[in-house]
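Biologist: Can you put the model up? I have a few things to ask about it.

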Amino acid sequence: MDMTTQQTDTSDTPPPRTPPTTTPSPTTPPPPPPLSPEQKRAARGATRPGDRVFLGLSRGSGILLLVIMAAIAVFLTYRACLAISEDEANFLTAFEWNTSLVPPRFGIAVLAFGTVVSSVVAMVIAVPVAVAIALFITHYAPRRMSGPVAYVIDLLAAVPSIVYGLWGALVLVPHMDGLFGWLDDYLGWTGVFSWDRGAPRSMLTVGVLLAVMILPVITNVSREVFRQVPQTHEEAALALGATRWEVIRMSVLPFGRSGVISASMLGLGRALGETMAVATVLSPDFDIHASLLNPGGGTFAQNIASKFNEATEFGRDALIASGLVLFVITLLVNGAARLIIARRKEYSGANA
């Protein structure tokens with residue numbers, strides 16, 4: 001009886017309770033209270049002298065740059081107005097350049113067409129090749145190969161323009177006959193690639209030469225942008241079973257899109273303003289040719305370089321007027337690039 005009662009009492013005794021484990025819930029700290037004007041002045045006074053000096057130098061450099069750009073624009077506009085006021089032809093549409101006539105007649109239609117066409121040809125050739133080289137260096141080539149290739153590309157960016165011009169005149173032009181003949185045989189029906197068997201000193205040759213010149217600039221900038229892609233993005237794509245090309249297409253190219261656009265604009269700026277190389281290769285005339293293979297045409301920089309030394313005071317004002325147009329074109333191109341990059345902020349490195 002006592003044993004049963006003892007067992008019953010034992011079974012009715014509740015088990016000991018253990019205190020529940022509670023995990024602290026994450027709490028966000030309240031935002032700091034706004035600083036009073038006295039605290040703001042004290043914080044500014046606590047800034048190190050070196051920071052204040054650097055801030056002043058940076059701000060002064062930016063203001064100085066704006067002042068220089070404004071001074072250049074004012075100078076070009078003033079000298080251009082002196083020339084255009086005496087021009088008897090339409091400055092924007094005339095197909096001639098005779099500043100020594102009385103009254104003078106000159107226009108920039110041929111120069112604007114040649115500058116834009118040669119730069120577009122250069123960009124069409126250089127940008128895909130430069131992006132491919134940058135991807136090869138950063139994602140495909142072994143380390144022993146990527147270093148020397150990148151070093152050679154850096155050396156190409158340091159070659160002077162006149163050296164490229166001599167190479168184009170002595171090597172590129174004599175070897176363009178085969179390409180021109182092939183384009184004429186298969187694409188001559190378009191009119192853009194028809195060839196009358198003249199010397200290959202044409203806009204296509206200039207575009208190829210400019211593409212070689214701007215290739216190192218675009219490649220170097222694109223390479224550095226692709227190297228900044230977060231490693232976690234690529235590893236996540238690989239973990240999902242993506243191939244190497246799919247990793248590049250989904251992670252690398254979207255991240256570096258704004259950087260590639262900036263690199264392309266840098267290359268385009270050099271192509272628009274290239275002087276000696278174009279003057280060495282091109283056979284200029286003041287006529288617009290539908291075919292890219294026939295010799296002729298001209299660019300702003302080439303026309304200024306070839307005519308400036310022998311020009312009169314008025315002729316130099318006319319050349320400065322054409323330089324003003326090139327200045328405006330460059331500003332418009334850079335502005336368009338900034339708009340494109342601003343619309344692609346989600347692909348910038350800061351937001352990745």
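Modeller: In this predicted model, residues 24 or more positions apart make up 72% of the protein's contacts with a separation of 6 or more.

Biologist: What does the secondary structure come to?

Modeller: The protein has 13 helices and 2 strands.

Biologist: And how much of the protein counts as buried?

Modeller: Of its 352 residues, 36% are buried. The protein exposes about 21100 Å², with carbon and sulfur atoms supplying 66% of that area.

Biologist: Switching to α7. Which residues are buried there?

Modeller: Helix α7 covers residues 177-187, and F180, G181, L183 and D184 are buried in it. Down the axis of α7, these buried residues fall within an arc of 165°, so they line one face of the helix.

Biologist: Why would residues three or four places apart point the same way?

Modeller: Because an α-helix has 3.6 residues a turn.

Biologist: What's exposed on the other side of α7?

Modeller: G178, D185 and Y186 are exposed there. As for the buried residues of α7, their cover includes α8, residues 203-227.

Biologist: What lines the largest cavity?

Modeller: The lining includes V110, F113, G114, M203, D287 and H289. Helix α4, residues 109-140, gives the most to this lining, with 3 residues.

Biologist: How do the lining residues divide, nonpolar, polar and charged?

Modeller: The lining of the largest cavity has 5 nonpolar residues, 6 polar and 1 charged.

Key
Residues numbered from 1 in each chain as written. Predicted model: local features only at pLDDT ≥ 70, side-chain atom pairs only at ≥ 80, totals over all residues. Heavy atoms only, no water. 1 Å grid on protein atoms, 1.4 Å probe; cavity = no way out; pocket = protein on both sides within 12 Å on 5 of 7 lines; lining within 4 Å. Helix = DSSP H or I, 4+ residues; strand = E, 2+ residues; numbered from the N terminus. Nonpolar A, V, L, I, M, F, W, Y, C, P; charged D, E, K, R; others polar. Buried < 20%, exposed > 50% of the residue type's maximum accessible area, 1.4 Å probe, protein only. Arc of directions from axis to C-beta. Contact = heavy atoms within 4.5 Å. Areas by Shrake-Rupley, 256 points an atom, 1.4 Å probe, with all protein chains shown as cover.
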